[in-house]
Amino acid sequence: MTDKAHAELLEDVLSRYQDSTNPRLREITEAAIRHLHAFAEEVNLQRDEWFAGIQFLTATGQKCDDTRQEFILLSDTLGLSTLVEMLTHDGAEGSTENTVLGPFYVPGSPRRAKGESMLVDPDDGDRVVIRGRVTDRDGAPIAGATLDCWQNATAGFYAVQQPGFQSAANLRGVYETDPHGSYEIRTVRPVPYPIPSDGPAGDLLKAHGRGWMRPGHTHMWVRADGYKELITHVFDEQSDYLREDAVFGVRDSLVRRFAPDGDGELATTFDIVLDASPPSPAPLRPAPTR
Ligand SMILES: [Fe+2]
């Protein structure tokens with residue numbers, strides 16, 4: 001195939017979308033076609049290879065069910081989810097960085113008082129405190145902001161992964177800032193955990209010798225009237241896998257060290273700065289587990 005023949009084919013394909021009445025859909029579709037053609041040309045994609053690719057994508061779809069979303073996992077492990085988060089959030093200078101939502105968020109966590117522990121079940125892990133202030137970009141406190149938090153137990157799993165074994169409310173809670181914008185969360189130290197690797201996304205990681213661990217972190221979804229929602233993590237500075245996060249979610253600005261505070265508790269400070277720009281569109285809410 002000559003370059004001219006490919007150029008003519010691509011032009012012909014793109015011309016079929018000229019009458020599309022949805023400009024954004026047309027923009028996305030045409031760009032996808034251009035990049036797919038360039039990709040195939042770059043690697044000189046052969047018929048049997050593309051069929052293997054089609055089989056891989058078919059298996060990825062077949063792995064999905066009500067509680068598992070293999071395409072999100074694939075997107076996460078290719079770094080695409082993180083890129084889309086960056087493009088979607090686009091936080092203003094000085095606001096706290098966001099990161100991926102992940103698959104284990106469940107709405108409806110119990111409201112918890114300032115300083116309450118969100119640990120419900122027995123757990124051998126270190127007890128820790130995460131505290132800080134929620135402010136705007138000028139440093140003014142935001143009272144009544146909610147911090148919807150979730151993390152895994154020391155055994156490595158989120159409550160939603162172990163129904164009937166962990167209590168549904170274990171290591172989940174919604175905290176609210178006080179009139180000074182302060183919050184305080186008691187929990188256990190988050191530990192590294194594996195993302196599900198028993199499907200096509202995991203097969204691809206293994207084929208390339210990649211790992212499937214995430215460093216220890218606590219998730220937060222912060223909301224306040226008049227501010228952009230913030231979906232982020234607090235990472236433990238002393239955790240393994242900070243440089244090899246399987247889903248590329250680590251931001252240096254989100255890494256904190258737990259150290260004994262004045263009361264002898266293992267604690268860290270995580271101040272949060274919200275952006276008062278117009279609210280961002282609702283993020284995709286995947287199935288609770290996969
Ligand atoms: Fe997580």
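What spacing do the donors of the iron ion follow along the chain? They follow Y-x34-Y-x23-H-x1-H, where donors are N, O and S atoms within 2.8 Å of the metal (3.2 Å for Na, K and Ca), and water is not among the atoms, so sites may look incomplete.

Before I continue, a word on the model. It is predicted: local features need pLDDT of at least 70, side-chain atom pairs count only at pLDDT 80 or more, and totals for chains, interfaces and linings use all residues. Residues are numbered from 1 along each chain as its sequence is written, and side-chain values use heavy atoms, without hydrogens and water.

The protein donors are Tyr 158 (OH), Tyr 193 (OH), His 217 (NE2) and His 219 (NE2), at 1.9 to 2.1 Å from the iron ion. Two of these residues, His 217 with a relative accessible area of 0% and His 219 at 2%, are buried, which means under 20% relative accessible area with a 1.4 Å probe, protein chains only.

Let me turn to helix H4. Helices are DSSP runs of H or I with at least four residues, numbered from the N terminus. Seven of the eight residues of H4 (residues 70–77) are buried, so the helix is largely enclosed by the rest of the structure. Among them are Ile 72, Leu 73 and Leu 74. The buried residues pack against helix H3 (47–63), helix H5 (80–89) and helix H6 (200–207), contact being heavy atoms within 4.5 Å.

Finally, H4 is followed by Gly 79, whose phi is positive, near 80 degrees.

Notes:
Buried < 20%, exposed > 50% of the residue type's maximum accessible area, 1.4 Å probe, protein only. Helix = DSSP H or I, 4+ residues; strand = E, 2+ residues; numbered from the N terminus.
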